[in-house]
Structures are given as C-alpha cells and as structure tokens.
Amino acid sequence: MIFVPTDELKVGMRLAKPIYNKNGVLLYERNTKLTLQGIYSVKNFGLIGLYILEPAEPLPPMTAEDVEFERFQTMAVFSIKDDLKSIQKGHKPSELMVLANQIVRMYGALGHKVNFTQNLRSPEDYVYKHALNVGILAALISHKLHIDSSEQMNIVVAALLYDVGRLFLPTKMQNKTEDFSPEEYQMFRKAQFDGMSIINDNVDINNSVKRLVRGCQEEGEYDPAGTDNSNIPWGIRIIQVAHFYDVRTAMNLYEVPESEVRVVRTLLNRPRQYDPTVVRALLDSVRILSPGVCVELSNRERGLVIRENDDDPLRPIVLSFDKNQVYDLSSERAARTLQIKDLMKTMDNRIIVDDSTLQEYLNR
C-alpha cells in the first residue's frame, strides 16, 4: 500500500481504502479501479491523496469494525467542521453535543482494543480531523480509567473544542505544534485566547468543560520543559496524551508521520509531562503491535508479530523473517538483548496470516 497525492493519481489505480460521502454513503469500495471521473471526484472532495494498492498487492485485512471506524470518521469530520466554523463566526454550534454523545456511545465503553486508523489531512481540514480524533481517543482512554459517564462526556466535549483557536491562525500554521518562532508563539497564544473567549460567549457548555478547555491551553504540550502532572485534572491529562498521539501519528502534506511505536516510547519516556497511567490506558485502548504487523528489531532483523503482549504491548512474540526463529520478547531474558526498533516502513504494516499458521509457529 502506498500513498499517492491527488495530482499523481492515474486511471486504473486500485483503492486500498473505501471512500464515503458526508452522509456515510459508500462511493467507492476497496479494490475499485480509479476512472477519470473518480479522479475528478477525489479532487472535488478536497482530498490530498489516497491509499493505493501496488500492482500485485492483495487487498489488506479490514474488519467490519475497521470499516465502520473509517466511515464514522468521514461523517463526523463534516459535523465537527460545521460546528467549529459556526463557533469561529460567533454562532452557536448545532450538533456538538449530538456528536459527543455518538463518540461516547460508540467508543466510550468498548471492552477491546481498536485499530485506530489515521485520516489524511490537508492544511484546510487539519483542525477538524485532529479535534475528532482527540475526542475519540479521549473516550477510549477515559473508559479504561473508569471515569464516570458525566465526566467522560465533559472530557470528550472539551477534546472537540480545546483547539478551536487554531482556526484564527493562518492556514499554514494550523497544523504546527512545535518549533514556533517567538512571533509565531505569540500568534498561537493569542489564537488560543480568542478561541477561549468565543467559546465562553457562544457555546452552551458547563463550567467543568470550560475549565478543561482552559487547562488544556495552559498545560502539557505547550510547556516545552514539561510539568509535574500530579495536580492536573484527569481530563486535561487525557487530552494531553490523546493530542500528542494524534499529532505525531497523523499524515499531512508537510510531515511524515511517526510510527505508533516511536510515539508510544516518547510518551513513556516523558512521565512528568504525560501521565504514565493515562499512557497505559491508551495502550489498553488501541492496537500497536497486533498479529500480522511487520517490525524491525534492534539486531537489524525483520519480523512479524504473531502474538500480542497485553502486559507490555511493546514486547510481543515475533517471528524473524531472516532466521525463521520465534522471539518471545515478553521474556525478561530475551528483552535484555532484543527489542522492537520500529514498524517496517510501509503504509500498511499488516500481513494476512491465518490463525492456524500463527498457532503453528507458537507451538514450535
């Protein structure tokens, strides 16, 4: 699977992922060959590009839950875009609480991990897609932390709103999260202030949500030195972790995304800035190294994950391609000399391997 920018799409290329309209209606199924009309449609939708199957590549695995996740993302982005634009213009949002309720209902009580599929972002839609994904991650994480339903709803609403100030920045700055020049940082802080002011004036939310939004603008990601998180409310800690994970793993026009493995390691290595309990809840919510994922090992071998490790997701059981040997990284002895270095550098790291084949290697 490769990413192809819209301007480089060609007739006959096969879609690796489905395309939906704003109402969630399927327009183009996976494995569909692009036509000239289809390419025009993609351009009209404002998409920055598509995931395309390479010529001899089989269709990658995708569960019904994965399909529904991407479908929901597509529909919900249109909803949050309309609401955040209304807030920016000084109007009341019409569907904000409806969307927050949907997110909590769909992702705020799951008993299993999800494949958190990232959406492609342009400078024009970055804020909306980021807000949505942080809201979904906040719902997943807060459930794992056993936060009560009313507070969970407050956290999700705050996650959808806390970055609305970015809309007051020039488009080229809206996806920037670090390395600000002094002038840019002043612009960013003013945009945050303007966003908070307009939320206070036009959004009918309780004071708990407003405190969370304000707190997110004052803590964590925006403090380069880090901060002791012990006195920070749970909602802010959750949004900090969700924000960082989404920002670093998202794909946009100007930056290559980091792998989930590298992002999680960064979170784990900054315990004063990112609460380890919240990071653990993130790891319990999203699949990082599940069976079928291809990885690079610290000894330069390449391998395939054949069993997850729920106790430590970064230490699964791996089959080496180079030596045809199984490494159990959950073993302390093995982990002392061998670690997962990174995911293999492909757009989709999963390989279709049936359960019986995986079991065959595990029983060696």
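This is a predicted model: local features need pLDDT of at least 70, side-chain atom pairs count only at pLDDT 80 or more; totals for chains, interfaces and linings use all residues.
Helix H5 (residues 149–161) has 13 residues and, at 1.5 Å a residue, should span 18 Å; its end C-alpha atoms are 19 Å apart, which agrees. Of the 13 residues of H5, 10 are buried, so the helix is largely enclosed by the rest of the structure. The buried set runs through Gln152, Met153, Asn154, Ile155, Val156, Val157, Ala158, Ala159, Leu160 and Leu161. Packing against these buried residues involves helix H2 (64–88), helix H3 (96–107), H4, H6, helix H7 (207–216) and H8.

Helix H8 (residues 234–249), one of these packing partners, was examined in the same terms. Its 16 residues should span 22 Å at 1.5 Å a residue, and the end C-alpha atoms are 23 Å apart, which agrees. Burial covers 15 of the 16 residues of H8, so this helix too is largely enclosed by the rest of the structure.

Ser142 is located in helix H4 (residues 126–144). Its relative accessibility is 0%, and Ser142 therefore counts as buried, the cut-off being under 20%. The side chain of Ser142 forms a polar contact with the side chain of Gln152, at 3.1 Å. Leaving aside residues up to four places away in sequence, Ser142 touches Ile147, Gln152, Ile155 and Ile238. Of these, Gln152 and Ile155 are among the buried residues of H5.

The loop between H4 and H5 contains His146. His146 has a positive phi of about 60 degrees although it is not a glycine. Most residues other than glycine have a negative phi. With a relative accessibility of 74%, His146 counts as exposed. A positive phi, near 55 degrees, is also found at Asn324, again a residue other than glycine. Asn324 lies in the loop between strand E10 (317–320) and strand E11 (326–328). The relative accessible area of Asn324 is 40%, which makes it partly exposed.

In helix H6 (residues 182–202), Tyr185 was considered. Tyr185 has a relative accessibility of 31% and so counts as partly exposed. Tyr185 and Asp163 are 22 residues apart along the chain, and their C-alpha atoms are separated by 15 Å.

Turning to the strands, an open sheet is formed by three of them in the order E1-E5-E2, with antiparallel pairing. Strand E1 (2–5) and strand E2 (14–15) are the edge strands, each pairing on one side only. E2 is joined to strand E5 (residues 49–53) by two bridges, and the two strands run antiparallel. Within this pairing, Arg14 has Leu53 of E5 as its bridge partner.

For the protein chain as a whole, 12 helices and 12 strands are present. A compact globule of 364 residues would have a radius of gyration near 21 Å; the value for the chain is 21 Å, which agrees. The C-alpha trace spans about 65 × 55 × 40 Å along its principal axes. Buried residues account for 53% of the 364 residues. Among contacts between residues at least 6 apart in sequence, 67% join residues at least 24 apart. The chain exposes about 17200 Å², of which carbon and sulfur atoms supply 49%.

Methods
Residues are numbered from 1 along each chain as its sequence is written. Side-chain values use heavy atoms; hydrogens and water are left out. Helices (H or I, at least four residues) and strands (E, at least two) are DSSP runs, numbered from the N terminus. The expected span of a helix is 1.5 Å times one less than its number of residues. Buried means under 20% relative accessible area, exposed over 50%, partly exposed in between (1.4 Å probe, protein chains only). A polar contact is a pair of N or O atoms within 3.5 Å; within protein, one must be able to donate a hydrogen and the other to accept it, and residues adjacent in sequence count only if both atoms are side-chain atoms. Contact means heavy atoms within 4.5 Å. Two strands pair if DSSP finds at least two bridges between them. The radius of gyration is taken over C-alpha atoms; the globule rule is 2.2 Å times the number of residues to the power 0.38. Accessible areas come from the Shrake-Rupley method with a 1.4 Å probe; for residues, only the protein chains shown count as cover.
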